[in-house]
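Please read the structure below alongside the dialogue that accompanies it.

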Amino acid sequence: MNEPYYEVVGGFYTSDLKKPTLKEVTFRPCTGRSSSSSWVSFFCPRAFLCLSLLCLMGGLLGHPQCLDYGPPFQPPFHLEFCSAYENFGCCDQERDNSIAAKYWDIMDYIDSRGHKLCGTYIKDILCQECSPYAAHLYDAENPRTPLRNLPGLCFDYCSEFHFNCRSAISLLTGDKRLQECCETNKTRFCNLLHLHDEDYCFPNVLKNTALNRKLGSVVEDRTGCLQLCLTEVANGLRNPVLMVHANDRTHRMFVAEQVGVIWVYLPDGSRLEEPFLDIKSIVLATPWVGDERGFLGMAFHPRYKHNGKFYIYYSYMDKNRVEKIRISELKVSASDVNKADPLSERNLLELEEPAANHNGGQLLFGVDGYMYLFTGDGGKAGDPFGKFGNAQNKSALLGKVLRIDVDGKSPDGMPYRIPPDNPFVPDPQACPEVYAYGVRNMWRCAVDRGDPVTKKGRGRIFCGDVGQNRFEEIDIIVKGGNYGWRAKEGFECYDTKLCHNSSLDDIFPIFAYGRNVGKSVTGGYVYRGCESPNLNGLYIFGDFMNGRLMALQEDEKTNKWKKQDICIGSRKACAFPGMISSYSKFIISFAEDEAGELYFMSTSYPSAYAPHGSLYKFIDPARRAPPGKCKYKPVPVKTKSKRIPFVPRAKTVLELLNEPSPTKPPKKSSTPTASIPTVSSKKAKKTPSTEIKVPTVKPAPSGKKRQKIKAEAKPHKPKQKVAHISRTTPAPPLLKKKSSHLTRTKKLLPKKAAPAKEKLEKRRKDSR
């Protein structure tokens, strides 16, 4: 085993992220002397503090982000109006139609000459809601600064607009004082729309090759490291070894601790107070750091929704004090769908373990409906059991991939059937359960769901096989395959004599890495979820010992796999609500929820009894699915146990960015952080101005006419009773009524938990 250690706490999804409470404030340009270099002087002192913070953060927060705080997306349908952003941006068809309606309402009050002169300016300004950098253009990235009525415009472009179309300002913003202040004062108006970082003002942002190169693709740093983000879903777990779902449309997550306790997490992120199953009294687990024994595997029957059956894999000690592995079947309680019936346990298989390490532990069901079991080679070092070791001995069940049919009994009285097409059924010298052999200690395997559209790859089983002392490997399981151990380790020989006599048909790993990369692989999953389409087809895995996250991408032409590192926590890429910048070092396991989204579990202290494990969800900050595409409605479940709300412990990137600069150098955290260096972009050239006569503008509408125009814009209605404009919709023009500028109130978040007092013990050497 890879030393499984996880923690379970409440889970939450990005779709559940609560927006900061909005509060209406009046936008008041100051009446003092103007400044051509900064728009700060036109705000009152309270806003000055916020803007100062923005200046400090501007270089960090310039990243693709929409006004609803999420990454941009590829619209599912053609955009008729803001067509410049139909390939990638922040508007779907509904929002595009709303902006178009707003545009035509404005143009109704502009004469024909103004149509020709100002139509493009007004359209461009309104369509910045659809820009991939909309949040930056409207100052929406920093919750401490007011949201703009109008997007940030580059000074030359703004000067052109003001010179040619200044009478249209009253149609774009309803703030009367802003109108009075700025219709006659170009410098003041353009200073108010000035952005600290001119790379991101419109239209410079469109010309900046550094910002737009590979826009929408997974972000890579200069070394090729993929920049992904995390949300904290659960914490306080005792070595969380796995998370599984029941595939019953309830979208519950079942998280197991190494000590033998399984917790239920609901779609709202809360955890049930009473566990699904508690067999601590049976499971053999110790507080020793690195002890591989304990509760190791769990899988729900493919028809769990109808038969209530699930399966577990754990270490225990029999009456004669012999250490064994037990694989059992249990059923859910008839009186509570969130509780297992411990009295329903039916033993399927028991294996004697000659040593305390290399216990395997994976259970899963393939697309064929059969259950696959992954056993370790028995432990110690070098598989010293018998002439060729357990792994090469097909008459032993250790060091194998086993396949059984749990839906019946065999004629000889075994509590399961042997699939008739198992590869070694005809061999009288082999155990019929063996599906593949020559494995050392596979720690974490997963079935590929296949491409969401083509289904390519569906059914492949990926495994991480922990190495002896030179190589860690990733394998794809093949029926009847020999994976080489102990003759081979990775691509090279381990036992020279066996290696020279081994078959040329041995299955090589799709990827192997040496000790300069890591020391104990943790197998992962191929991403097939909905929320992060860029990640489709990436096999994401990690290393237990050094906390390294990695990804493999298959080259379809050569069928070879290319490895890239994954970097977590870039303060530029991950400056979104709920995103965190660090994770606990020891990566125990990976997981997939019912919707196909990807998670991993890790701990800062790898002891089965230490509550320092956490569950994290991967997020791609570069691109998300279009709004509404990934929505699902969980089947409600009746809960009898108390719900415990999730309380995050890790500080988010936005919280860290908003912290005041410390007077003393910060102490080094015990939690590893994978920070990514940011790449500064080159400034684009400014647009030259031209002199054109200002068109005449019709009188602004009043009363009901104006309310009708506002209604057609269809802004999202907030829950608050106080009238204000949604963060997803910039303020529509209100000519007669005073418009208000939005600001945000601070959102109090729980303080980060104090780091564990215990100093991480040096992991005991694996007796390899």
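This is a predicted model: local features need pLDDT of at least 70, side-chain atom pairs count only at pLDDT 80 or more; totals for chains, interfaces and linings use all residues.

Q: What is a nonpolar core, and which residues touch the most other members of the largest one?

A: A nonpolar core is a set of buried Ala, Val, Leu, Ile, Met, Phe, Trp, Tyr and Cys residues joined through side-chain atoms within 4.5 Å. Buried means under 20% relative accessible area, exposed over 50%, and partly exposed in between (1.4 Å probe, protein chains only). Here the largest core has 84 residues, and F276, F295, M298, F310 and M371 touch the most other members. Strand β9 (residues 309-317) contributes the largest share of this core, 6 residues; strands are DSSP runs of E, at least two residues, numbered from the N terminus. There is also a second, separate core of 54 residues, with L79, Y138, L172 and L178 among them.

Q: Which residues does M371 touch, not counting residues up to four places away in sequence?

A: Contact means heavy atoms within 4.5 Å. On that basis M371 touches Y311, I327, L348, L363, L364, F365, L402, R403, I404 and V406.

Q: What is a salt bridge, and how many does the count come to?

A: A salt bridge is a side-chain nitrogen of Lys or Arg within 4 Å of a carboxyl oxygen of Asp or Glu. By this rule the count comes to 32. One of them pairs K339 with E274, whose closest N and O atoms are 3.5 Å apart. K339 lies in the loop between β10 (323-332) and β11 (340-352) and E274 in the loop between β6 (271-272) and β7 (277-278), so the pair ties together parts that are 65 residues apart in sequence. K339 is partly exposed at 25% relative accessibility, and E274 is partly exposed at 40%.

Q: Where do K456 and E556 lie?

A: K456 is in the loop between β16 and β17, and E556 is in the loop between β24 (549-555) and β25 (560-568), 100 residues apart. Their salt bridge has its closest N and O atoms 3.6 Å apart. K456 is partly exposed at 46%, whereas E556 is exposed at 57%.

Note on methods: Residues are numbered from 1 along each chain as its sequence is written. Side-chain values use heavy atoms; hydrogens and water are left out. Helices (H or I, at least four residues) and strands (E, at least two) are DSSP runs, numbered from the N terminus.
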